[in-house]
2 protein chains.
Amino acid sequence: MSIDSRPAPATEPNSEITIIDVSPRDGLQNEKTPVSTDNKLTLINSLITAGIRRIEATSFVHPRLVPQMADAEAVAAALPRGHVSWIGLVLNERGLDRAIAAGLDEVNIVVVATDTFSRKNQGTSTHQGIELWTRLAARARSAGLRTTITIAAAFGCPFEGEVPITRVTELIARCVQAQPDELALADTIGVGVPRQVTELAGAAAAEAPGIPLRWHFHNTRNTGYANALTAAALGPCTLDASVGGIGGCPFAPAATGNIATEDLWYLLDRNGIDTGLDIHPLLDTAKWLDTVLGYRVPGQLARAGLFPAS
Amino acid sequence: MSIDSRPAPATEPNSEITIIDVSPRDGLQNEKTPVSTDNKLTLINSLITAGIRRIEATSFVHPRLVPQMADAEAVAAALPRGHVSWIGLVLNERGLDRAIAAGLDEVNIVVVATDTFSRKNQGTSTHQGIELWTRLAARARSAGLRTTITIAAAFGCPFEGEVPITRVTELIARCVQAQPDELALADTIGVGVPRQVTELAGAAAAEAPGIPLRWHFHNTRNTGYANALTAAALGPCTLDASVGGIGGCPFAPAATGNIATEDLWYLLDRNGIDTGLDIHPLLDTAKWLDTVLGYRVPGQLARAGLFPAS
């Protein structure tokens, strides 16, 4: 099956900035008490109601390592089809087998920018990770799934510190040889700043021309929203966020939540950037997460209220 | 005494972006249990150690209305002189009398952009507030104090909603007739976005050419840091922040903390903008505030840690 004949996301986004909600995956993978499958599906249905059309629903990783995602098949089996492009995170061959069997529309495959973090996160060096990504991309494509290559820790590594732009540039060049449908650059530990967004966007434009760009920001040091707005101002792109701002990486010390979908909506909407989303279900869901998770989620708009009030 | 012969801040800032720490005033004015004068002075001394050279130390308001600032004279009497320009917030004639008697270097005088909020905050209409500011500015200047006019709720009002840019533009034009040393535009309730920063900076450039611009952002809806970076990118300016991100307005519902001084430092520093500050005392102070205030302050860098670690 050629690239062109593979299915596009079921509903095209309304604007040049698309928000992917990753809360069912990145948002919940770090919860000490795994969230029930029923609650995950309630969460997912709320996202659909809000107009989210790409959702990272789960990850196909070993349940011993990430028990929070042990119900990946059960979640996938219950996903309503037709209006949303469903994404699964995949780290290895077995994960891809499961994602294909589960009938997802897209796989998000991760290469970590530094060797130390790569070994801790997925047991391979970065370059072994690229070789794996290349094999997985070909198999996913053959199975009719769209592919995203995510370069994790592209803004900095919790173990090695600074990640030179030259390193990320080289990784982009090598990864795009496997023809991803999308290139994602991830600030996995929330250390990035807008200067890096601009630099990395330049690297992506040079090494991956024509490949849609996706950004994954955490707000660990209060830079995530400035990063997201910078990315949106640079041109059409896709932004990851999680409703409530929940999330974190199980293998990165002190990693905290993603940027919150509802707070990102506010920033973009008030800045004149339409995302096609309905804010009210997102606010309701953020408040509901407070009770499901048993703590106050990091997103702020649900507490502070819309402005102007409506 | 002419404008030119009045004293400049004791130490000129090292860069084009200056940070004023407002934590002793805006940061503490909303605490249910007033912080002791001793702890305020400990806080202030930490800010000096970090290199802050303009500090909003207190407000001279009626102790019945804001009991947290009832010790304004005691705080002022203990301030070390010579390295820092000390600012007091003033809302009326009596407040100015007290600020002058206390020997402060600067007064920050507030005009609220909407009538409803103005009446709740200081008992006058906006235009009565401008008349008051005009009288206070003349008196402060005669007494040798530098003056800042702050236009509060310039980005939106908790009672009236949207504040048109034309309204703020008109207020700027009227306020600068009294020759402030500085014009501050305040997002008092944390609703602003970068688009407004750019629009308001344009209004200031048109109506108040040559008058240094100062910005006051709250992070209530996670837009404060993007706003601050936008302001810094537009040119030389001064940014208010509070260590730990503490703060809020007693008369604005759901107002929350200022942008955190240490998180602002991180955003600017990693983005290549030098503020001349030493981050370590700020991180220590943010952690100390957790214990003094009895809750986790909103600033995130002190918890997440510097990057790269140092």
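How much space lies in the second largest cavity? About 40 Å³. Keep in mind that this is a predicted model. The count comes to four cavities of 30 Å³ or more.

Let me stay with the second largest one. Its lining draws on both chains, including A:Asn219, A:Tyr225, B:Asn219 and B:Tyr225. Two elements give two or more residues to that lining: helix H9 (224-234) of chain A and helix H9 (224-234) of chain B. H9(A) gives the most, with three residues. By type, the lining residues are four nonpolar and six polar, with no charged ones.

Now to the charged side chains. Over all chains, the search finds 29 salt bridges.

A:Arg139 sits in helix H6 (residues 126-142) and A:Asp97 in helix H4 (residues 93-101), both of chain A, so the bridge ties together parts 42 residues apart in sequence. A:Arg139 is partly exposed, at 31% relative accessible area, and A:Asp97 is partly exposed too, at 33%.

The next is A:Arg214 with A:Asp240, at 2.7 Å from N to O. Here strand S7 (residues 213-217) of chain A is linked to strand S8 (residues 237-241) of chain A, with the two residues 26 apart. A:Arg214 is buried, at 0% relative accessibility, and A:Asp240 is buried at 3%. This pair also belongs to one network of salt bridges that share partners, with A:Arg25, A:Asp26, A:Arg54, A:Glu56, A:Glu106 and A:Glu182.

Last, in chain B, B:Arg25 bridges to B:Asp26, with the closest N and O atoms 3.9 Å apart. Both residues are buried.

Terms used
Residues numbered from 1 in each chain as written. Chains lettered and ligands numbered in written order. Predicted model: local features only at pLDDT ≥ 70, side-chain atom pairs only at ≥ 80, totals over all residues. Heavy atoms only, no water. 1 Å grid on protein atoms, 1.4 Å probe; cavity = no way out; pocket = protein on both sides within 12 Å on 5 of 7 lines; lining within 4 Å. Points joined across faces, edges and corners; volume = space filled by probe spheres on them. Helix = DSSP H or I, 4+ residues; strand = E, 2+ residues; numbered from the N terminus. Nonpolar A, V, L, I, M, F, W, Y, C, P; charged D, E, K, R; others polar. Salt bridge = Lys/Arg side-chain N within 4 Å of Asp/Glu carboxyl O. Buried < 20%, exposed > 50% of the residue type's maximum accessible area, 1.4 Å probe, protein only.
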